[in-house]
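Dear colleague,

I am passing on the structure below, with a short account of what was found in it. Please read the notes with the structure open beside you.

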Amino acid sequence: MTVTQDDFHAALLDPGRAIPEGLCDARTHPPGRRFNVYRNNVAVSLTEAMHQAFPVIAKLLGAQNMDGLAGLFLRRHPPSTPLMMFYGEAFPDFLAGMEQLSHLGYLPDVARLELAIRQSYHAADSTPLDPKALSIDPEALMAARLDFAPAMRLIRSPWPIHAIWRFNTEDGAPKPQPGGQDVLITRPEYDPIPQPLPTGGGDWIEALQAGATIGAAYETAAETTPDFDLGATLALLLQGGALTSLTEEGQEHEPTHLDP
Amino acid sequence: MLDASRAPSGLPSLPGVGYKPQHFSEILDAPGPVGWLEIHAENYMGDGGRPLAQLRHLSERFPISVHGVGLSIGGAGALDPDHLARLKHLTGWLNPASFSEHLAWSTHDSHFLNDLLPLPYTDATLTRVCDHIDQVQDVVGRRMLLENPSSYLAFAESTWSEPDFLREITRRTGCGLLLDVNNVFVSATNLDFSPQGYIDAYPLEKVGEIHLGGHDEDHDDHGRPLLIDSHGREVVDPVWSLLDYVLDRSGPKPILIEWDTDVPDWPVLRAEAARAQTALERLPA
């Protein structure tokens, strides 16, 4: 009697399924609980990985609910690589699709924020742009383009996701107030720092990421935020080491990333 | 087939520990008897940041063993070429003293199961595992060590004993072996064989590294002991005794303490490493 990995795998993820014939204990009895050790190892280790990956979601839902959700998620979206540090990419959309959770509309975006923090932690190192590089003729500056560090992330939400994240990770943090937040994640050294952006900052950075010049991106941001404060957002990026290069008009575009 | 005449690994015959980031400063300041470190390969396959920076730093002080947990060498399907490339990249820049993986499968149709799953010891499995090891050693460009699993059940179809199966793999591929003494004890208890008999049949001359770890105790449906390899506590006395039995026959070897869940403070882990040092020191010089 040959036990294929197909048979073994099917019974692993479905506790209601019969244990494949051909497995036994030392005395040729069927394995019973012995097979459950493998079932448990898989389910428990992946559930544990989800708790570690999304601690704020786990806190918001409660540990038991998180266990249940993780159980559903790991069967629908099992890891596609052994790199568990990146597991859970599909979790925000999975949460958005859960009808029972639709009254907690902010959950998917909070999950996106947690995912982005983890991605930032593992992103490639880079050399930050020297702020002096910005001391050029203002007109040339407006016509220049910026490159971002691999560890920089922008998460935009109609919910106060930074306030919710902070309230659940920091003792004594203020209670979240209604209103959307754009969150910038920078990694000055090794620890990602999420910060809310001033109004218009998200529009500006998003336009820059799409390849707009500093000036054109400013116009985009000013359309919805007439008093957009470019300097404040730029300062956050510079302080966080989130910019790697400035390319003036007509210059060859050379992004600088370092390999580990 | 690689040159099997060299020592199975470049690790020193000293105690080592599985590296945990929370011990970073203490390992550097007060390593005690710890002479080398082991990392799980998959935790250092990100693009940058603190994990890689710490690893670069530690590798300047300690020999490093790269221990893979995700290659699925016993998998029915082909090895994942992307994962092989990641291993090649990591071992390429780090140039570790040892590289090891498991006699197990963990991926099914590109779904990673995050556990080491068991194999029937048959001629078909032997051929497949040897082909995969040849491929790994070819791509990664170095000899690997293969670790014995902890078993909770057996396959009725198996025609090889585990020590004979491992010996034949080393003969065909030139790979070395990682002997997990706790796994031998766990499997022997669960499957009712003599752990000393296992060691007597096992090719100790191929061992490049020894693993020790803690296990949990449970019972099967018939009330018989069922030990579970949890790496979450101290190594038990019978496993230390089995280590002595091994060392008396193999001579000194690099000995790793594995502690992966409920990771203790550094002094507790260091004390386990000190106990391994005592086991090495009692051997005749």
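In H4 of chain A, the residues A:Met66, A:Leu69, A:Ala70, A:Phe73 and A:Leu74 are buried, where buried means that 20 or more other C-beta atoms, placed from the backbone, lie within 10 Å of the residue's own, exposed means 12 or fewer, and partly exposed lies in between. Seen down the axis of H4(A), these buried residues fall within an arc of 130°, so they line one face of the helix; the arc is that of the directions from the helix axis to the C-beta atoms. On the other side of H4(A), A:Gln64, A:Leu72, A:Arg75 and A:Arg76 are exposed.

This is a predicted model, in which local features need pLDDT of at least 70 and side-chain atom pairs count only at pLDDT 80 or more, while totals for chains, interfaces and linings use all residues. Residues are numbered from 1 along each chain as its sequence is written, and chains are lettered from A and ligands numbered from 1 in the order in which they are written.

The domain assignment of chain A, which is automatic or from a database, gives domain 1 (1–104) and domain 2 (125–260), and their centres, taken over C-alpha atoms, are separated by 38 Å.

As for chain B, it has nine helices and 13 strands, these being DSSP runs numbered from the N terminus (helices H or I, at least four residues; strands E, at least two). Of its 285 residues, 50% count as buried, and the C-alpha trace of chain B spans about 50 × 40 × 40 Å along its principal axes.

With kind regards
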